[in-house]
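Please keep the sequence and the structure in view while reading.

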Amino acid sequence: MISILGIWYSNNGINPQIMQSSLSSIQEATIISNFPLVSIVTCNCSPVKPNPFKEYITRYPMGNHLGIILQILRVIYEEEKAGRKYDLISFLEHDVLYPHNYFYRIANAFIDTDKKVIDRKSTRL
């Protein structure tokens with residue numbers, strides 16, 4: 001089975017309700033999908049409360065693409081340091097709502113069509 005690391009990143013520069021909605025949609029996607037090998041880690045410029053996932057605070061709070069790259073690299077470094085390995089990494093933006101079957105879609109995009117994780121009918125919104 002495919003293991004997925006989801007890295008949610010934020011510069012904390014948007015409305016907190018939007019960030020909460022994004023985190024809630026990701027949490028719902030991990031619960032509803034019942035996909036056993038999805039881990040979500042967040043990296044932000046400052047704490048996001050409430051945050052149901054493991055959270056890192058970036059050492060380089062910038063509101064630009066370099067800041068995003070450093071946030072992503074921080075999470076990858078921490079996960080590798082802890083000995084965790086994944087087949088796929090999904091970059092999750094702070095202002096996006098993710099569908100309930102998001103992680104199935106990601107997994108299905110990277111495996112052989114004969115070995116789909118779920119039936120195509122259930123991947124429609």
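Thr 42 has its place in strand 2. Helices and strands are DSSP runs, numbered from the N terminus; a helix (H or I) has at least four residues and a strand (E) at least two. Thr 42 is buried, with a relative accessible area of 0%. Buried means under 20% relative accessible area, exposed means over 50%, and partly exposed lies in between, with a 1.4 Å probe and protein chains only. Not counting residues up to four places away in sequence, Thr 42 touches Trp 8, Leu 23, Asn 51, Phe 53, Lys 54, Glu 55, Tyr 56 and Val 75. Such a contact means heavy atoms within 4.5 Å.

The model is predicted: local features need pLDDT of at least 70, side-chain atom pairs count only at pLDDT 80 or more, and totals for chains, interfaces and linings use all residues. Residues are numbered from 1 along each chain as its sequence is written, and side-chain values use heavy atoms, with hydrogens and water left out.

**The sheet**

The protein has 3 helices and 4 strands. Along the sequence, these elements follow the pattern β-α-β-β-α-β-α. In what order do the 4 strands stand in the open sheet? The order is 3-2-1-4, and the pairing is parallel. The edge strands, strand 3 (54-57) and strand 4 (88-93), each pair on one side only. From one strand to the next, the twist averages 25°. Two strands pair if DSSP finds at least two bridges between them. In general, strands of a sheet pair through backbone hydrogen bonds, either parallel or antiparallel. Strand 2 (residues 38-44) is joined to strand 3 by 4 bridges, and the two run parallel.

Helix 2 (residues 65-81) lies across strand 1 (4-10), strand 2, strand 3 and strand 4, and runs at about 140° to strand 1. Helix 3 (residues 102-109) lies across strand 1, strand 2 and strand 4, running at about 140° to strand 4. Axes are lines fitted to C-alpha atoms, for helices over the stretch in contact, and angles run from 0 to 180 degrees between N-to-C directions. Why is helix 3 described as largely enclosed by the rest of the structure? The reason is that 6 of the 8 residues of helix 3 are buried. These are Tyr 102, Phe 103, Tyr 104, Ile 106, Ala 107 and Asn 108.

**Ser 10 and its surroundings**

Ser 10 is in strand 1. With a relative accessible area of 1%, Ser 10 is buried. Apart from neighbours within four places in sequence, Ser 10 is in contact with Met 19, Cys 43, Asn 44, Cys 45, Gln 71 and His 94. The side chains of Ser 10 and His 94 make a polar contact (2.8 Å). A polar contact is a pair of N or O atoms within 3.5 Å; within protein, one must be able to donate a hydrogen and the other to accept it, and residues adjacent in sequence count only if both atoms are side-chain atoms. Ser 10 and Pro 47 are 37 residues apart in sequence, and their C-alpha atoms are 9.9 Å apart in space.

**Salt bridges**

The structure holds 5 salt bridges. A salt bridge is a side-chain nitrogen of Lys or Arg within 4 Å of a carboxyl oxygen of Asp or Glu. The table lists examples.

| Salt bridge | N to O distance |
|---|---|
| Glu 55 and Lys 49 | 3.9 Å |
| Glu 79 and Lys 54 | 3.7 Å |
| Lys 81 and Glu 78 | 3.5 Å |

Glu 55 is partly exposed at 24% relative accessibility, whereas Lys 49 is exposed at 64%. The salt bridge between Glu 79 and Lys 54 links distant parts of the chain, with Glu 79 in helix 2 and Lys 54 in strand 3, 25 residues apart. Glu 79 is buried at 3% relative accessibility, while Lys 54 is partly exposed at 37%. Lys 54, Glu 79 and Arg 84 are linked in a network of salt bridges. Lys 81 and Glu 78 are separated by about one helical turn, because they are 3 residues apart in helix 2. Lys 81 is exposed, with a relative accessible area of 56%, and Glu 78 is buried, with 10%.

**The whole protein**

Of the 125 residues of the protein, 42% count as buried. Among contacts between residues at least 6 apart in sequence, 65% join residues at least 24 apart.
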